[in-house]
Amino acid sequence: MTATAEPTLFERIAAREIPADIVAETANVIAFHDIAPKAPVHVVVTPKTGAYRDVVELAAGDPALLAELVDVARGIAADLADGDFRLVFNTGAGAGQTVFHVHAHVLAGGLEEASLG
Ligand code: 5GP
């Protein structure tokens with residue numbers, strides 16, 4: 001018998017096993033409001049597959065899927081804010097990553113006071 005990995009939290013959200021406030025979906029990507037928002041608009045965008053732990057793995061393994069994810073993020077910022085957005089990939093526990101299924105945080109709306117520049 002082949003060992004089967006436990007589904008990740010975000011795979012379970014994509015499968016509708018765990019409820020979430022879903023705002024966008026494509027064939028391969030799903031987006032939902034973060035349960036603990038850090039900005040007026042704070043949406044998690046993630047591939048439906050949990051095969052990639054972080055953005056470095058995703059970029060190396062499936063760059064087209066990364067591009068699809070970024071395009072979903074663009075659409076969310078256009079739909080829910082003025083089109084401008086910050087895209088954050090926490091990468092590794094030391095950088096604050098807690099869910100090891102690659103995902104981007106789309107942060108938008110009233111970020112002028114929080115500029116990194
Ligand atoms: P990370 O810390 O890994 O970069 O981001 C994980 C994000 O997922 C956190 O911002 C956290 O608030 C969010 N999160 C964790 N569990 C859930 C959940 O069950 N539902 C939703 N909608 N967001 C979650």
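**A walk through the protein and its H103**

Hi everyone! The protein has three helices and five strands; here helices (H or I, at least four residues) and strands (E, at least two) are DSSP runs, numbered from the N terminus. Keep in mind that this is a predicted model, where local features need pLDDT of at least 70, side-chain atom pairs count only at pLDDT 80 or more, and totals for chains, interfaces and linings use all residues. Residues are numbered from 1 along each chain as its sequence is written.

The C-alpha trace spans about 55 × 30 × 25 Å along its principal axes.

Now to one residue, H103. The "active site" annotation in the unreviewed UniProt entry covers H103; UniProt positions are in the numbering used here, feature names are shortened, and annotations may be inferred rather than shown by experiment. Where does H103 lie? Look at the loop between β4 (86–88) and β5 (104–108).

Is H103 buried or exposed? H103 is buried, because 30 other C-beta atoms lie within 10 Å. The cut-offs are 20 or more other C-beta atoms within 10 Å of its own for buried, 12 or fewer for exposed, and partly exposed in between, with C-beta atoms placed from the backbone. Across the protein, buried residues make up 26% of the 117 residues.

And which residues does H103 touch? Setting aside neighbours within four places in sequence, H103 is in contact with F10, V44, V45 and T46. Contact means that the two C-beta atoms, placed from the backbone, lie within 7 Å.
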